[in-house]
Amino acid sequence: MDHPSDLVADLQRAHGDAPPSKVVSVSLRDLFPGRIAVVSSFGAESAVLLHLVATIDPSTPVLFVDTLRHFPETLAYRDRLAAHLGLSDVRSIGPAAEEIAQRDPDSSRATWDPDGCCAFRKVAPLTAALKGFDAWISGRKRFQAVTRLDLPVFESDGAHIKINPLARSGAADIALYAKTHRLPPHPLVAAGYPSISCAACTSVVLPGEDPRTGRWRGFEKTECGIHRPTDNDFVPAPSSGK
Ligand code: SF4
């Protein structure tokens, strides 16, 4: 295949304005059949993307990075949602025991080096798992944070094409879809967590705050490293609202 950077503009032009279900369908069936995976955190809004995927092909590989620092509610939700949607190939990947013993033996790294913690707990395992694929699908959306305002539907990600079918969807679209299809919510959403990652790095978000403000609160860190900020991103002041 051509280098991903040569394909992105064509894909964006051809399919970038299509509805999310069409983007998922074209990606799974026509563009990358057998060579594409979905990456899901089984977080606050994961159910919508996973439902779209399950409707088209429930045997699609779904990669879940189990950092071993997740809320127990997230692990239970992963199993419940996968069963509910009939997803048959959910793969939990994560750091090896030797890596943890060497890099974070007392599980404190998130408090003094979150970049290093994400690098070995999230980025390295996912990078290894994606080696067998040409493309992957993410659930990111523009409305989630000021750092994602320019998120395209198709983007180049090293050797891969990354596809964001919900990039242009609004919060109301996501909520309506979840309601229409009676998708089970992550149990922590009702407790004030609109964006959910590892327990050590996720806090309650107050009304009016950017939904991702509760991630790595107190650090100038906005992404775990799996996703790079878009080119004109900026880091909002910690106290700024939406
Ligand atoms: S989100 Fe926090 S605990 Fe999880 S891998 Fe990143 S720094 Fe570590």
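**Cysteines, strands, core and charges**

Let's start with a cysteine. Cys201 is buried, because its relative accessible area is 13% and the cut-off is under 20%. Keep in mind that this is a predicted model. Cys118 is buried as well, at 7% relative accessibility. How many disulfides are there? The count is 0.

Now the strands. Go to S2, residues 62-65. Are its faces covered or open? Both are covered. Val62 and Phe64 are buried on one side. Leu63 and Val65 are buried on the other.

What sits beside S2? Take strand S1 to begin with, residues 36-39. S1 and S2 run parallel and are joined by 2 bridges. Val39 has Leu63 of S2 as its bridge partner. On to strand S3, residues 90-93. S2 and S3 also run parallel, with 4 bridges between them. There, Val62 stands opposite Val90.

How does the chain get from strand to strand? Through helices. S1, helix H3 and S2 form a right-handed β-α-β unit, with H3 covering residues 46-56. S2, helix H4 and S3 form a right-handed β-α-β unit too, and H4 covers residues 72-85.

The largest nonpolar core has 36 residues. Which of them touch the most other members? Leu50, Ile161 and Ile163 do. Which element gives the most? H3 does, with 8 residues.

Stay on Ile163 for a moment. Leaving aside residues up to four places away in sequence, Ile163 touches a set that includes Val23, Ser27, Phe32 and Ile36. Its contacts also include Ala135, Trp136, Ile137 and Ser138. Val153 and Phe154 are touched by Ile163 too. There is also a second, separate core, of 16 residues. Ala37, Ile93, Leu130 and Cys224 are among its members.

Now the charges. Side chains of opposite charge can pair when their charged atoms come close. The count here is 9 salt bridges. I'll show three of them.

One is Arg91 with Asp89, at 2.8 Å, N to O. Arg91 is partly exposed, at 33% relative accessibility. Asp89 is partly exposed, with a relative accessible area of 21%.

Another is Arg103 with Glu99, at 2.7 Å, N to O. Why do these two sit about one helical turn apart? Because they are 4 residues apart in helix H5. Arg103 is partly exposed, at 34%. Glu99 is partly exposed, at 28%.

Then comes Arg121 with Asp104, at 2.8 Å, N to O. This pair links distant parts of the chain. Arg121 is in helix H7, residues 114-129. Asp104 is in the loop between H5 and H6. The two are 17 residues apart. Asp104 is buried, at 1% relative accessibility.

Last, two backbone points. Ser107 has a positive phi, about 55 degrees, although it is not a glycine. Where is Ser107? Ser107 lies in the loop between helix H5 (97-103) and helix H6 (109-112). Ser107 counts as partly exposed because its relative accessibility is 35%.

Arg182 also has a positive phi, near 50 degrees, and is a residue other than glycine. Look for Arg182 in the segment after helix H8 (171-180). Is Arg182 buried or exposed? Arg182 counts as exposed, because its relative accessibility is 73% and the cut-off is over 50%.

That's my tour. Questions are welcome.

Technical notes: Residues numbered from 1 in each chain as written. Predicted model: local features only at pLDDT ≥ 70, side-chain atom pairs only at ≥ 80, totals over all residues. Heavy atoms only, no water. Disulfide = S-S within 2.5 Å. Buried < 20%, exposed > 50% of the residue type's maximum accessible area, 1.4 Å probe, protein only. Pairing = 2+ DSSP bridges. Right-handed = clockwise from strand over helix to strand, strands pointing away. Core = buried A, V, L, I, M, F, W, Y, C linked by side-chain atoms within 4.5 Å. Contact = heavy atoms within 4.5 Å. Salt bridge = Lys/Arg side-chain N within 4 Å of Asp/Glu carboxyl O.
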